[in-house]
Amino acid sequence: MKTRYTFGGDEHIFVEMDDEMSLEAFFKAIAISRAVQAANIDGVTEILPANASFEVRFNPDIIHPDDMMARLKELEGTANTAEPRMTTRIIEVPVYYQDPWTHETLMRFRERHQDPSATDLEYAARINGYDSVEAFIEAHHAQPWFVSMVGFVSGLPFLYQLVEREKQIEVPKYLRPRTDTPKLTVGYGGCFSCIYSVRGAGGYQMFGITPMPIYDPQQKVSYLKDFMVFFRPGDIVKFAPVDRETYDRIVAEVEAGTFTPRMAEVTFDLDAFNADMRGTNARLMEALNDN
Amino acid sequence: MTIKVLKAGLSTTIQDLGRPGYFHLGIPEGGAMDRFALRVANMLVGNDEGAACLEAVFMGPELEFERDTWVAVTGATMPILLDGETRDGWTSFPVKAGQVLSFGFLKTGARIYIAVAGGIDTPVQLGSRSTYVIGALGGIDGRPVAVSDMLPMGTPGKPGQRALSADLLRPAQNPVELRVLPGLYWHRITEASQERFFAEEWTVAPEADRMGYRFRGGTPMEFVPREQPFGAGSDPSNIVDGCYAYGSIQVPGGTEPIVLHRDAVSGGGYFTIGAVISADMDLIGQMQPNTRVRFVKVDMETALNARKARRERLETIRNTLAAQ
């Protein structure tokens, strides 16, 4: 891992922990962003942790960009000694794969895709070496995911698959971003899955849709009354495939205010995970069943 | 007391100076695309500089006032009509209850700012009244204003007759020069592409909105060859998704640069080559599609000096208007 510091204009410093994705890079980025927060530096206006990087926005009228840069480099040492462990929650997210809405959308943007003759799922299954779309879908939901970044648009989670690197799914983003993506689309780009919190532009391949809202500015959804954004970095997600009937039922329950996501508190320890991935995952998923 | 919307325009939104502090959750700062114009509009009608105004793009709305008040319109050049009679831009003018404010065709620029004494008094969400349409946040139910909306007006501060003299306005440019600090993933393109980016002329593409402005006309960029890092995706313009900066320039596929603006996405998987300096962000808010643009390479010192110059211009305007 080689840390790289660079200015983004006169108001931002972007720090890349590593140019490739890993949970080690994520834990280091979150440790430094927490150290920056704790340091309470005058002039810092935003701290944005991401997958394998983080960004600080500052007011250069208050702190000179060079001084800001020097402070961040000082804080890198603190972060190197932080333990890669966190208390978090595991959440079950229902997914209706191959739904009609993302299918209609992907057909509209075929000319922006690498393989206009296939669907996003067919293309992703093929380039990842799966015999069928069904086998690929199984690989997408069998093991849990780690929320390594929240952003892009309102409360959108980026999810990193908790499996050996050689088993991780990888797909390119669309050649040119779409101007439309249905709300709550489950997407994929690079090694990340995501859930589009709102309708809008997007470059990720589209696999399915969840009936579970994850952003609600009106705060009418029962489990979003305290805060309008559901996910936070470090959350663990288990996708659960559902059919149309279950999808419709959950949509109605959300509407009626009776739907509550299945979730449980868990501890995630990166060293324990690296020592035994399947065992760690089984324990994480077990917590969900106990609840 | 309210303002009744008789015609909404193309996309007219309530904006103030935005809601910093939530970008880490993907909720952008938002606020006026042209902050200079919004601040001056508010000063002209005696408001706090950050009061909420209407931002109208390309086409003005038609508004009926329910009480006597003061109004000022700044930003783009567009004929301003009060009951059909012309009024000057960058100048406050009194409006009587029942009068109708309307607009002619856009001449130059892209966005007008309509300030009313007391500001638009819609509910504050996450610290701002700014409308973030993508996230359905702020404004009226998170959407642009619509016909028959009733916009509440706040309590006036110190309205009165004020006008900005032409020498205090920003000079018009053609092509518009946008100063850029190279950085971020600048090293991903070849030296030849780096030079061409600044040497060639670009034009604003039709896809230009509050989220970002797209440019076309330049030569597609060449990438420095590398094995794509794990998790980035296979296209050479892909990176492991990271945070974006306001003003940062991403170039999906190496073809059409996009400068992220006030309603920016907070992160994503396309590489960025640097950022437009903070002092020049307002200029983008006044560019129409097909506007000719040159990107000008600058260093940090120039960026900070430009920021200082912008601050001093505003201070001069503040003092001048306070004396009127």
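Before the first stop, a rule for describing directions: angles under 35 degrees count as roughly parallel, over 145 as roughly antiparallel, 65 to 115 as roughly perpendicular, and the rest as oblique. Angles run from 0 to 180 degrees between N-to-C directions, and axes are lines fitted to C-alpha atoms, for helices over the stretch in contact. Helices (H or I, at least four residues) and strands (E, at least two) are DSSP runs, numbered from the N terminus.

This is a predicted model, in which local features need pLDDT of at least 70, side-chain atom pairs count only at pLDDT 80 or more, and totals for chains, interfaces and linings use all residues. To find your way, know that residues are numbered from 1 along each chain as its sequence is written, while chains are lettered from A and ligands numbered from 1 in the order in which they are written.

**Stop 1: colour by confidence**

pLDDT is the predictor's confidence in each residue, from 0 to 100. Chain B averages 96, and 100% of its residues score at least 70. The model as a whole scores ipTM 0.96 and pTM 0.93.

**Stop 2: two helices in chain B**

Select residues 35–44 of chain B, which form helix α1, and then residues 300–322 of chain B, which form helix α4. Their axes are 10 Å apart and the packing angle is about 10 degrees. That is why α1(B) and α4(B) count as roughly parallel to each other.

Now show the side chains. From α1(B), pick R39(B), V40(B), M43(B) and L44(B); they meet L314(B), I317(B), R318(B) and L321(B) in α4(B). (Two residues are in contact if their C-beta atoms, placed from the backbone, lie within 7 Å.) This contact of α1(B) with α4(B) has 6 nonpolar, no polar and 2 charged residues. Here Ala, Val, Leu, Ile, Met, Phe, Trp, Tyr, Cys and Pro count as nonpolar, Asp, Glu, Lys and Arg as charged, and the others, Gly among them, as polar.

**Stop 3: the open sheet in chain B**

Next, find the open sheet of 5 strands in chain B, in the order β2-β3-β10-β5-β8, with antiparallel pairing. Two strands pair if DSSP finds at least two bridges between them. Which strands stand at the edges? They are β2 (12–15) and β8 (92–95) of chain B: each has a single partner strand, so one side of each is left without a neighbour in the sheet. Ignoring direction, neighbouring strands of this sheet are turned by 30 degrees against each other on average.

Zoom in on β5(B) and β8(B), which run antiparallel and are joined by 4 bridges. Click on W70(B) and you'll find its bridge partner in β8(B), P94(B). Helix α1(B) is back here too: it packs on the sheet, touching β2, β3, β5, β8 and β10 of chain B, and its direction makes about 155 degrees with that of β5(B).

**Stop 4: the barrel in chain B**

Now select the 7 strands of chain B that close into a barrel, in the order β12-β19-β16-β17-β14-β13-β20, with mixed pairing. From one strand to the next, the twist averages 40 degrees. Strand β12(B) (residues 176–182) pairs with β19(B) in the antiparallel sense over 3 bridges. To see a bridge there, pick L181(B) and its partner in β19(B), A275(B).

**Stop 5: the domains of chain B**

Colour 2–164 of chain B as domain 1 and 176–307 as domain 2; such bounds come from an automatic or database domain assignment. The C-alpha centres of these two domains lie 29 Å apart. How many residues are in contact between them? There are 18 from domain 1 of chain B and 13 from domain 2 of chain B. On the domain 1 side, β10(B) gives the largest share, 3 residues. By class, that side has 8 nonpolar, 6 polar and 4 charged residues.

**Stop 6: where the chains meet**

Show both chains together: the contact takes 47 residues from chain B and 49 residues from chain A. On the chain B side, β15, β18, β19 and α4 each give two or more residues, and the largest share, 5 residues, comes from β15(B). The chain B side divides into 24 nonpolar, 20 polar and 3 charged residues.

**Stop 7: over to chain A**

Finally, select 4–82 of chain A as domain 1 and 87–290 as domain 2. Their centres, taken over C-alpha atoms, are separated by 28 Å, and 9 residues of domain 1 of chain A are in contact with 9 of domain 2 of chain A. On the domain 1 side, α1(A) gives the largest share, 4 residues.
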